[in-house]
Amino acid sequence: MYDPIAYTYDADHHCEACAEKRFGRCRCGDIGYAYRGGDSSGRHEHVELTDSEGNAVGAVSPFDEWWEPSEGCQTLACGTCHGLIETQHREGCEHNYGEDACDLPEDAIA
Ligand SMILES: [Zn+2]
Ligand SMILES: [Zn+2]
Ligand SMILES: [Zn+2]
């Protein structure tokens, strides 16, 4: 089980801190779910929380491909606080063991 790097709701990506502020956490630590009863062993049911469009809150895992492969180096920023969440460098980029200059400005790299 990997902790998500970001959450998706309101048609955008958001960082963990902003998602927690918006939706809170279940007592098990999950964001995007509310606690709904359980037994003494800690097993419990979840109520799925939804965004302003009625869609379930989504989670992006470290191995999920959030980037567009055709678009060069990209950053994943939070739609709420605009903080940088992740950076993905294209093949050949200097930050990906390549020889080409990075497509991103220096200060945009995580
Ligand atoms: Zn839970
Ligand atoms: Zn944020
Ligand atoms: Zn790059």
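Which residue in β7 is the bridge partner of Leu-76? Point 2 takes up the pairing concerned.

1. Basis of the note. This is a predicted model, in which local features need pLDDT of at least 70 and side-chain atom pairs count only at pLDDT 80 or more, while totals for chains, interfaces and linings use all residues. Residues are numbered from 1 along each chain as its sequence is written, and chains are lettered from A and ligands numbered from 1 in the order in which they are written.

2. The bridge partner of Leu-76 is Glu-86, in β7. Strands β6 (residues 74-77) and β7 (residues 84-88) pair in the antiparallel sense over 4 bridges; two strands count as paired if DSSP finds at least two bridges between them. Thr-75 stands opposite Thr-87 of β7. The hairpin has 6 residues between its strands, and His-82 takes a positive phi near 65° there.

3. Overall architecture. The protein chain has 1 helix and 7 strands, where helices (H or I, at least four residues) and strands (E, at least two) are DSSP runs numbered from the N terminus. Their order along the sequence is β-β-α-β-β-β-β-β. The radius of gyration is 17 Å, well over the 13 Å that the globule rule gives for 110 residues, so the protein chain is more spread out than a compact globule. That radius is taken over C-alpha atoms, and the rule is 2.2 Å times the number of residues to the power 0.38. The C-alpha trace spans about 55 × 30 × 20 Å along its principal axes.

4. The three-stranded sheet. An open sheet of 3 strands has the order β2-β1-β5, with antiparallel pairing. β2 and β5 (58-60) stand at the edges with a single partner strand each, so one side of each is left without a neighbour in the sheet. β1 and β5 are joined by 3 bridges, and Ala-6 has Val-60 of β5 as its bridge partner.

5. The nonpolar core. The largest nonpolar core comprises 11 residues, among them Tyr-7, Tyr-9, Val-57 and Ile-85. Such a core is a set of buried Ala, Val, Leu, Ile, Met, Phe, Trp, Tyr and Cys residues joined through C-beta atoms within 7 Å. A residue is buried if 20 or more other C-beta atoms lie within 10 Å of its own, exposed if 12 or fewer, and partly exposed in between, with C-beta atoms placed from the backbone. β1 (6-9) and α1 (16-23) each supply at least two residues of this core. Buried residues make up 17% of the 110 residues in the protein chain.

6. Cys-18, Ala-19 and Phe-23 are the buried residues of α1. They cover an arc of only 110° around the axis, which puts them on the same side of α1; the arc is that of the directions from the helix axis to the C-beta atoms. These buried residues pack against β1 and β2 (12-14). Leaving aside residues up to four places away in sequence, Ala-19 touches Tyr-7, His-14 and Ile-31, contact being C-beta atoms, placed from the backbone, within 7 Å.

7. After the helix. α1 is followed by Gly-24, whose phi is positive, near 75°. Arg-25 lies in the loop between α1 and β3 (33-38). Arg-25 is partly exposed, with 15 other C-beta atoms within 10 Å. Residues up to four places away in sequence aside, Arg-25 touches Glu-20, Asp-30 and Ile-31.

Key:
Contact = placed C-beta atoms within 7 Å.
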